[in-house]
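Subject: Structure for your review

Dear colleague,

My notes on its salt bridges and on one of its strands follow.

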Amino acid sequence: MATSGIITGIVSNLVTVSCDGPVSQNEICYISTQGTKLMAEVIKVNGRYASIQVFESTRGVKNGDRVEFTDKMLEVTLGPGLLSSCYDGLQNDLTTMTGVFLKRGEYTPALDSEKKWAFTPEASVGDTVEAADWLGEVKEGWLPHKIMVPFSFKGEYTIKWLAPAGEYTVNDKIATLTGEEGDVDVTMCQKWPVKVAIKCYKEKPRPERIMETGVRVIDTLNPIAEGGTGFIPGPFGCGKTVLQHAIAKQGDADVIVMAACGERANEVVEIFTEFPELIDPHTGRHLMERTTIICNTSNMPVAAREASVYTAMTICEYYRAMGLKVLLLADSTSRWAQALREMSNRMEELPGADAFPVDLSAIISNFYARAGMVVLNNGKRGSVTFIGTVSPAGGNLKEPVTESTKKAARCFYALEQNRADKKRYPSVNPIDSYSKYLEYPEIADYLDKTVEHGWVEKVNRTKNIIRKGKDAADQINILGDDGVPMSYHEMFWKSELVDFVILQQDAFDAIDALCPLERQRYMLDMVLDICAKEFEFEDFEECAAKFKEMINFFRQMNYSEFKSAQFEIYKAEIEKLVEQYGK
Ligand code: ADP
Ligand code: MG
């Protein structure tokens, strides 16, 4: 008999229940109230009492209401049909509804149970298999979607029966496996508890290649590894969402999962309306065909935000087990941390810094650690690359969520108010931002081979130009234009050249938005050649004027088709200037 209980206390979404049997941490339960059932999760057990966080408004819930425990943790349903879906944090399908609001106590099935999928078997009767081994494949859009032995299966099984090629629904039996405890049937879908990492793989080596994003500040200066982690902290309005969407559109990934914990309600609606319209620049098809969106509807309380990032990560791990490259984008993880804070405060736990839970750092690290590249049991590779945004209150990068995330993520793309104010987008601060992957010998090797020998050295040289330019600008500010030698002006303008040509990128221009690595390298080489030169100018005014002219031509190049006639014309203009003034 499952445990049940009676409500004895309510503080907003935190409800205390007196239980008649054992309950476990993170178990899911349902409150029966006013003729509906509200879903909740156990977050603390203390003797007979369980504290549960309710995923919906607790309006009208009263002492004495009954609670039924399920003996199950919060689970996500995994199977074909996840792509092109929009879910909330509890995997309710939001596309089947009018608007984005579910009625309270209403839960919708995650996968379409009627749709038929064309299954092709890939294993054979008699094969020995274990959890996550591939039994067959269906085509989800144009992506191969592997049907796997459920992750929860322990030990070895023999395939006793495997469905022949044909059309099946997600709930039809597609295999019978014989294990130690007898025969078990397998369908095309399975469930998995979201807070547990799926670890059905052989090993998780260090990342060894980069994931191209088409965004120059990332790829050229601070590349993110495939299977790597990064985060984008930035004050409100600095371009976090635009940058993440640019990465989603162009990132070299097979599957994209967007977890939107909207800052404002209209952002969530925007993602619903805009994302399905986007065209994938790599294939010319709708980006949504290989995307799953998990978002929190604005009528959902904070507790559901916490669930959504886990649901998103679990879906990523599922596709990774098929040998695919998955990209997870979470915007913004601060909302998730705030949900943790609210619950911890209501439970009157001893607070950590800024009233966040004391284990905030561990929670964030554990979450980021679920990303990564893995070698599957069959030797193939899959990866989950994770980029989260953080919105620190008042742009203060010393606040606990940013600090904790900094420890967990390997790439740091700090957006800066100052740059955003000057419309220097993406407003990534080139000096404070970093990618630890540049220090990995595997990654340096990879860049040597795929981009160019000695690439990392070039990147460092570029960063140096930016740093020196900033120092020169500081000096000019203090001593005045005439108070410094001409070389300072030159240094400053060289860094401006890097800034305008390499760092800045218009996310809304059809050509500039997507800059492949080959083009990035070409532009960087041109810019570095100029920076290596010394120039002869009459005075600082001429220096500024000529550099501005150059920058203008460069920007026109960025807006032109790579190596088109127009592109070459601008290039020739730049060369003329360099010849005229360069020593
Ligand atoms: P945040 O998510 O940090 O609050 P947004 O991503 O919504 O900020 O960006 C705010 C605005 O900044 C955008 O509406 C857009 O006008 C501008 N912006 C941001 N990034 C770029 C970019 N790369 N190119 C052009 N405009 C940008
Ligand atoms: Mg935003």
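**Salt bridges**

A search of the whole structure finds 32 salt bridges, each defined as a side-chain nitrogen of Lys or Arg within 4 Å of a carboxyl oxygen of Asp or Glu. The model is a predicted one, in which local features need pLDDT of at least 70 and side-chain atom pairs count only at pLDDT 80 or more, while totals for chains, interfaces and linings use all residues. Residues are numbered from 1 along each chain as its sequence is written, chains are lettered from A and ligands numbered from 1 in the order in which they are written, and side-chain values use heavy atoms, with hydrogens and water left out.

Three of these contacts are described here, beginning with the pair formed by Glu-137 and Lys-146, whose closest N and O atoms are 2.7 Å apart. Glu-137 counts as buried at 13% relative accessibility, and Lys-146 is buried as well, at 8%. The classes are buried for under 20% relative accessible area, exposed for over 50%, and partly exposed in between (1.4 Å probe, protein chains only).

Two further pairs lie within helices (DSSP runs of H or I, at least four residues; strands are runs of E, at least two; both are numbered from the N terminus). In helix α11 (residues 486-503), Lys-494 and Glu-490 are four residues apart, about one turn of the helix. Their closest N and O atoms are separated by 3.3 Å in a salt bridge, and both residues are buried.

Lys-546 is buried, at 17% relative accessible area, whereas Glu-549 is partly exposed, at 33%. Elsewhere, salt bridges that share partners link Glu-122, Glu-137, Lys-139 and Lys-146 into one network.

**Strand β5**

Strand β5 (residues 49-54) is largely enclosed by the rest of the structure, because five of its six residues are buried. Strands count as paired if DSSP finds at least two bridges between them. Strand β2 (residues 14-19) pairs with β5 in the antiparallel sense over five bridges, and Ser-18 has Tyr-49 as its bridge partner. Strand β4 (residues 36-46) also runs antiparallel to β5, joined by six bridges; here Asn-46 stands opposite Tyr-49. A hairpin with two residues between the strands is formed by β4 and β5, and Gly-47 in its turn has a positive phi of about 60°.

With kind regards
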